[in-house]
Amino acid sequence: MIPPSVSSFPLTVYSYIQQTFNSTVLIIFKEKTMRTHVLLLILLFGFINAFAQSNEVDGSSYTRDEKGYELRTKMTIPPYGLAKVKNLIETITFKEDPLGSSDGGIEAISATQFKSLSLREKFTYVMIHAELSQQNCAIPEYQNDIQKRIFSQLETGFNEASWSQRQADFLMGNRDSVMKLIQESVVRSKRMGVNYKEAILEMNALEMIPFIIRYIKSTAQDNDALTLLMLLMKRGEYDEFMKSTSYQKLYGTDANYYSFLNYNKANEVLICERASRYYKEKTLK
Amino acid sequence: MIKNFWILLLGMVICTSYSFAQEQRFIDIEAGTYILGDTLSLDNPRRAVTLSHFSIAETELTNEAFAAFVASTDYITLAERYHNAMVFEPGLAEFRWLQDSTAYWRFPNGTSRGGIEEKMNHPVTCISYRDALAYCDWAGVRLPSLEEWEVASRAGSQTKYFEGVELDNIMDYANIWHGRNHLVADTTDGFLYTSPAKTFKANPWGLYDVYGNVFEFCEGSLARDQGRKVAHARGGSWWCSKNSCASFNSQYIGSVNPNASFSNLGLRVAKKK
């Protein structure tokens, strides 16, 4: 079975069309008035250029919103015992070994080391280092115009890793302290990194909904904070949200990992007000 | 006399190694310039790539083939050494896996979820990229590059799937997850985990299971690796659904720690033509 190699057919067609257009322009130019056809020439030139951009082989007219993507994956680094924790992580991070022996992918500090950390240092460790291997699908779709979308899911800041059970247990076991540390850090840095959002979700910290709403209103646009509110409502199976068209679009039968709502002020207000009602329903019971 | 004996023994070892590689049928891919990638991707942008001749296995590497390697070499996989394999069971939230100290290639989802005794013609899983390289060294083959894998999987197509496949009929071509989520077991296509090689239809060039069944390790690095050593795998797996990562196509490229073992990660070998 011999696969065919690829010819340069699309480029040839493009060249032919470009030549035809150029010839046509020259003929018309002689017969009609100059003013009309200078305009026509400009229009045709624009058309040909647009055609070329959408058919080029060595690139794409698609551009990823680099700044938006960076914001979606940016973590917030807590300051508590940071140097000490970084030194510990340095001793366990995988290093390429040309002889073939390796650490076996164990990227967790020992139980004794973990136990010896203070609560704040543990918080820093968990926020900047995930111990467990994870597969990263890195879905490439819809990474343009990120600020115009409210996605159904958060990105990850940990690449090919996720929190181990020990780390998840730490978050749950120290829920109140962790929520307080996150709030302190967000107020100070005016940014809620993806690791903080993941921690809030991991702890199902619906008590933080008023804080998240204040953050949304007072901080530069962070659409993933709106995503976080919706994920909290989804996790709590909040009836009003489950019956909404937003829910169907983001988490319904045909939804996928990169489903999104268009960002606009009305949607922002709707999500915040709905989350606020969810918070009141849960906390007033 | 002794010298001759050792030469004979060495020859036998070499022949045995090659015979295992040769048992597998390979598809020849001609040298040429191919259009790869996706206009939506920066890691894998649409572009023309020129490749030399190569051959690629028509199926994913089976448990039987890996067992022959282990029998011949007494090789111990990373999952066996470090007890850090990641397994799946229905009921887990999306993208969640469990670490199971009992799991390795003979029990890819842990001892409590059964072994491979009746699944020797299924793809080997629960091996790491490092283990895949060790197999290749022994068998005289190699992993395909990211580009080679894509050329072979596309079989001439320039779209997301090889010719004939759409999301509506992918069930005929790929062992994937059809449930809305992973909270409940899904055996819609007859398989919860892996399926035997050649259960589903081949692509136009004769490769089976290029989509679904197991993610296949490839060689290569991407800009998103940012200099870190990352293993890449392609084609999606039995775990992937249209609602989650939907990686069962010729465009996406997955990433994983090179020492990590998952029960949906395996390999398809390649070699110089």
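## An exposed loop residue in chain A

A:K190 is exposed, with 10 other C-beta atoms within 10 Å. A:K190 lies in the loop between α8 (175–189) and α9 (194–202) of chain A. Its phi is near 55 degrees, a positive value in a residue other than glycine.

This is a predicted model: local features need pLDDT of at least 70, side-chain atom pairs count only at pLDDT 80 or more, and totals for chains, interfaces and linings use all residues. Residues are numbered from 1 along each chain as its sequence is written, while chains are lettered from A and ligands numbered from 1 in the order in which they are written.

## A buried loop residue in chain B

B:A155 also has a positive phi, near 50 degrees, and is not glycine. B:A155 sits in the loop between α5 (146–154) and β7 of chain B. B:A155 counts as buried, with 23 C-beta neighbours inside 10 Å.

## Helices packing on α14 of chain A

Helices (H or I, at least four residues) and strands (E, at least two) are DSSP runs, numbered from the N terminus. Helix α11 (residues 223–235) of chain A packs against helix α14 (residues 265–284) of chain A at about 35 degrees, with the axes 10 Å apart. Axes are lines fitted to C-alpha atoms, for helices over the stretch in contact, and angles run from 0 to 180 degrees between N-to-C directions. The crossing of α11(A) and α14(A) is left-handed, meaning that the near helix is turned anticlockwise from the far one by less than a right angle. On α11(A), the contact residues include A:L226, A:L229 and A:M230; on α14(A), they include A:I271, A:C272 and A:Y278. Contact requires C-beta atoms, placed from the backbone, within 7 Å. By class, this contact has 9 nonpolar, no polar and 2 charged residues. Here Ala, Val, Leu, Ile, Met, Phe, Trp, Tyr, Cys and Pro are nonpolar, Asp, Glu, Lys and Arg are charged, and the others, Gly among them, are polar.

Helix α10 (residues 209–218) of chain A also meets α14(A): the axes come within 9 Å and cross at roughly 160 degrees. The two helices are therefore roughly antiparallel, a term for angles over 145 degrees. The crossing of α10(A) and α14(A) is left-handed. Its contact involves A:I209, A:P210, A:I213 and A:I216 of α10(A), with A:E268 and A:C272 among the residues of α14(A). The contact divides into 7 nonpolar, 1 polar and 1 charged.

## A three-stranded sheet in chain B

In chain B, 3 strands form an open antiparallel sheet in the order β1-β4-β11. Two strands pair if DSSP finds at least two bridges between them. β1 (26–29) and β11 (270–272) stand at the edges, each with a single partner strand, so one side of each has no neighbour in the sheet. Neighbouring strands are turned by 25 degrees against each other on average, direction ignored.

β1(B) pairs with strand β4 (residues 54–57) of chain B over 4 bridges, in the antiparallel sense. B:I27 has B:I56 as its bridge partner in β4(B).

## A four-stranded sheet in chain B

Another open sheet has 4 strands in the order β9-β8-β7-β10, with mixed pairing. Strands β7 (residues 215–218) and β8 (residues 231–234) of chain B pair antiparallel over 3 bridges. B:F217 stands opposite B:A233 in β8(B). B:A233 also stands opposite B:G254 in β9(B).

Methods:
Two residues are in contact if their C-beta atoms, placed from the backbone, lie within 7 Å. Angles under 35 degrees count as roughly parallel, over 145 as roughly antiparallel, 65 to 115 as roughly perpendicular and the rest as oblique. A residue is buried if 20 or more other C-beta atoms lie within 10 Å of its own, exposed if 12 or fewer, and partly exposed in between; C-beta atoms are placed from the backbone.
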